[in-house]
Amino acid sequence: MVYAIVRAGGRQEKVSVGDLVTLDRVPAEAGSTIELPAVMLVDGDKVTTSAEDLAKVKVTAEVVENLRGKKIVIHKFKNKTGYHKRQGHRSELTRVKVTSIA
């Protein structure tokens, strides 16, 4: 089983070929190809973590769609003072499909 740990949007994701992964918004249109930097590569029993070897590894993914996440509701309230504040937030996300790990 070949898989890689890639850095995407301040987080690390475990990906293998054919996986659909949701990342923070990537500045790319749907249908375009992006390259994700590898942090670790596992090829069967062989684990690659050195920076020189990882510079040669290419993890490519195709952008499937740009979307927005689920709405998060923030409600601040202080008892007996009449203070309440309501705010909402939706994250900008990108769904990608990993096409190759080479």
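Which residue in β5 is the bridge partner of Val2? In this predicted model, the partner is Asp43. That bridge belongs to the antiparallel pairing of β1 and β5, which extends over five bridges.

**The open sheet**

Four strands make up an open sheet, arranged in the order β2-β1-β5-β6 with antiparallel pairing. The edge positions are taken by β2 (11-15) and β6 (46-48); each has a single partner strand, so one side of each is left without a neighbour in the sheet. From one strand to the next, the twist averages 15°. In general terms, the strands of a sheet pair through backbone hydrogen bonds, in either a parallel or an antiparallel manner.

Strand β5 spans residues 38-43 and pairs with β6 in the antiparallel sense over three bridges. Within this pairing, Val42 has Val47 of β6 as its bridge partner. The hairpin of β5 and β6 has two residues between the strands, and Gly44 there adopts a positive phi near 70°.

**Val39 in strand β5**

Val39 is located in strand β5. Its relative accessibility is 23%, so Val39 counts as partly exposed; the reason is that the partly exposed class starts where the buried class, under 20%, ends. Although Val39 and Ala4 are 35 residues apart along the chain, their C-alpha atoms are separated by 7.5 Å. Beyond residues up to four places away in sequence, Val39 touches Ile5, Val6, Arg7, Gln12, Thr49 and Leu54.

**The nonpolar core**

The largest nonpolar core contains 20 residues. Those with the most contacts inside this core are Ala4, Val15, Leu23, Ile34, Leu36, Val59 and Val96. At least two core residues are supplied by each of β1 (2-8), β3 (20-24), β4 (33-36), β5, β7 (59-68) and β10 (92-101).

Leaving aside neighbours within four places in sequence, Leu23 is in contact with Ala8, Arg11, Glu13, Leu36, Leu93, Thr94 and Val96. Of these partners, Leu36 and Val96 are also listed among the residues with the most contacts inside the core.

**Two loop residues**

Ser16 lies in the loop between β2 and β3. Is this residue buried or exposed? Ser16 is buried, because its relative accessible area is 11% and the buried class covers values under 20%. Not counting residues up to four places away in sequence, Ser16 touches Met1, Val2, Tyr3, Val98 and Ile101.

Gly31 is placed in the loop between β3 and β4. Gly31 and Val63 are 32 residues apart in sequence, yet 5.3 Å apart in space from C-alpha to C-alpha. With residues up to four places away in sequence excluded, Gly31 touches Glu62 and Val63.

**Aromatic rings and charges**

How many aromatic pairs does a search of the whole structure find? The search finds zero. Charged side chains do, however, sit over rings: Lys14 lies over the face of Tyr3, and the charged end of Lys78 sits over the ring of Tyr83. The table gives the distances.

| Charged residue | Ring residue | Distance to ring centre |
|---|---|---|
| Lys14 | Tyr3 | 4.3 Å |
| Lys78 | Tyr83 | 6.0 Å |

Tyr3, over whose face Lys14 lies, is also one of the residues touched by Ser16.

Definitions and conventions. Residues are numbered from 1 along each chain as its sequence is written. This is a predicted model: local features need pLDDT of at least 70, side-chain atom pairs count only at pLDDT 80 or more; totals for chains, interfaces and linings use all residues. Side-chain values use heavy atoms; hydrogens and water are left out. Two strands pair if DSSP finds at least two bridges between them. Axes are lines fitted to C-alpha atoms, for helices over the stretch in contact, and angles run from 0 to 180 degrees between N-to-C directions. A nonpolar core is a set of buried Ala, Val, Leu, Ile, Met, Phe, Trp, Tyr and Cys residues joined through side-chain atoms within 4.5 Å. Buried means under 20% relative accessible area, exposed over 50%, partly exposed in between (1.4 Å probe, protein chains only). Contact means heavy atoms within 4.5 Å. Rings of Phe, Tyr and Trp (its six-membered ring) pair if their centres lie within 6.5 Å; planes under 30 degrees apart count as stacked, over 60 as edge-to-face and the rest as tilted. A charge sits over a ring if NZ of Lys or CZ of Arg is within 6 Å of the ring centre and within 35 degrees of the ring normal.
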